Number of protein chains: 2
Amino acid sequence: MTMKNNPHINKALDVLKKSPLKLTTQRTRLIEILFKNGDQHFTAEDVYKEVNKYRYKISLATIYNCLNQFTKHEILKSVRLSGDKVYFDTNTERHHHFFCKSTEKLSDIKSSDVKISNLPKIPRGKKLESVEVVVNITD
Amino acid sequence: MTMKNNPHINKALDVLKKSPLKLTTQRTRLIEILFKNGDQHFTAEDVYKEVNKYRYKISLATIYNCLNQFTKHEILKSVRLSGDKVYFDTNTERHHHFFCKSTEKLSDIKSSDVKISNLPKIPRGKKLESVEVVVNITD
DNA sequence: TCTTAAATTAGAATAATTCTAATTTAATCT
DNA sequence: AGATTAAATTAGAATTATTCTAATTTAAGA
Ligand SMILES: [Mn+2]
Ligand SMILES: [Mn+2]
Ligand SMILES: [Zn+2]
Ligand SMILES: [Zn+2]
């Protein structure tokens, strides 16, 4: 009875099932672990450590493969910011972040909570892709 | 008569002279090259390639050392964003950026050109360090 | 000119991520 | 169910940006 019917997990598993990706043991296990507590931010290394606390082991290569595939299929979102590591985010909506330089942890800022005005026009010939706001904080 | 009295170069050299850093041939040369065209954004590797087009060679280790020291002494500013490489910026004022994912080039957005309102309050116990806006664009 | 702390350098080390190529497995097809 | 095969998993090697090490050189002051 290990935490059945968690809506975050089920939603992510549904997206996986509707994608062309195969439903493997590793992918199912990863989704169960990553989504069990709702919105989270983590690096590949975080996931590797967390996953391998359990009896079932997953290789680091597979963790990278899965996180990247999940991102491509919008089960996760990747967040790249100051620092060398890529963060993955269970929140795939458009939103912004606090980043604490002391703890190296991200937290969400709802897109609707920030109003950006007066943005200069996009350079000629280019098109807008996204606007990312990072609010850096410290302890 | 190699481009004497360029105000950008002179300003940067002045900051260097007022700092505790020694005035070496390599540092002077770097400042002459980096500041000759006003505001620029570049990676260490960019600088390495550019510098070594001239007869006077500077090692990659020295380029990293200098760029980092310059940043510490506010001759340059570092900009870290999506992607693995650190960018250095001759504009040390607070400002924001366009980042073109196709060309991997940065361009400036004046801080005063962007109005950010409704930012949620900083998490308890933390203090604000900076707000960075990156407008991602493509060709 | 002498002294010495700081700077430069080549090359080794590191760290996050991707790649390679061998093996296993999920899903489909008799 | 058993056979087939493209996709997935994996260990370990490779890659890339950056930092470190330790030997040598140099700037700046006495
Ligand atoms: Mn969240
Ligand atoms: Mn600029
Ligand atoms: Zn988030
Ligand atoms: Zn800039």
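## A salt bridge within chain B

Asp84(B) is exposed, at 68% relative accessible area; here exposed means over 50%, buried under 20%, and partly exposed in between (1.4 Å probe, protein chains only). Its salt-bridge partner is Lys85(B), with N and O 3.9 Å apart, and Lys85(B) is partly exposed at 36%. A salt bridge here is a side-chain nitrogen of Lys or Arg within 4 Å of a carboxyl oxygen of Asp or Glu. Over in chain A, salt bridges with shared partners tie Lys36(A), Glu50(A) and Lys53(A) into one network. Over all chains, the structure holds 14 salt bridges.

## What you're looking at

This is a predicted model, in which local features need pLDDT of at least 70 and side-chain atom pairs count only at pLDDT 80 or more, while totals for chains, interfaces and linings use all residues. Residues are numbered from 1 along each chain as its sequence is written, chains are lettered from A and ligands numbered from 1 in the order in which they are written, and side-chain values use heavy atoms, with hydrogens and water left out.

## The metal sites

Start with the zinc ion (ligand 3): its protein donors are His41(A) (NE2), Asp89(A) (OD), His95(A) (NE2), His97(A) (NE2) and Asp108(A) (OD), at 1.9 to 2.2 Å. Donors are N, O and S atoms within 2.8 Å of the metal (3.2 Å for Na, K and Ca); water is not among the atoms, so sites may look incomplete. Along the sequence, the donor residues run H-x47-D-x5-H-x1-H-x10-D. Asp108(A) also coordinates the manganese ion (ligand 1), which sits 4.4 Å from the zinc ion (ligand 3). Asp89(A) is buried, at 0% relative accessible area, and His97(A) is buried too, at 4%.

In chain B, the zinc ion (ligand 4) has His41(B) (NE2), Asp89(B) (OD), His95(B) (NE2), His97(B) (NE2) and Asp108(B) (OD) as its protein donors, 1.9 to 2.2 Å away. His41(B) in strand β1 (residues 41-42) and Asp89(B) in strand β3 (residues 86-89) are 48 residues apart, so this pair links distant parts of the chain; strands (E, at least two residues) and helices (H or I, at least four) are DSSP runs numbered from the N terminus. Both His41(B) and Asp89(B) are buried. Asp108(B) bridges the zinc ion (ligand 4) and the manganese ion (ligand 2), which are 4.1 Å apart.

## Where the chains meet

At the interface, 36 residues of chain B are in contact with 36 of chain A, contact being heavy atoms within 4.5 Å. The buried area is about 3,100 Å², with carbon and sulfur atoms giving 53%; that is the accessible area (1.4 Å probe) that two parts lose on being put together, summed over both.

The rule finds four salt bridges across this interface. In chain B, β4 (95-100), β6 (115-117) and β7 (127-138) each supply at least two residues of the side that touches chain A. The largest share, twelve residues, comes from β7(B).

## Salt bridges between the chains

Asp139(B) pairs with Lys126(A), closest N and O 2.8 Å apart. Asp139(B) is exposed at 51%, whereas Lys126(A) is partly exposed at 24%.

Lys126(B) and Asp139(A) form a salt bridge at 2.8 Å, running from the loop between β6 and β7 of chain B to the segment after β7 of chain A. Lys126(B) is partly exposed at 25%. Glu129(B) and Lys101(A) also form a salt bridge, at 3.5 Å.
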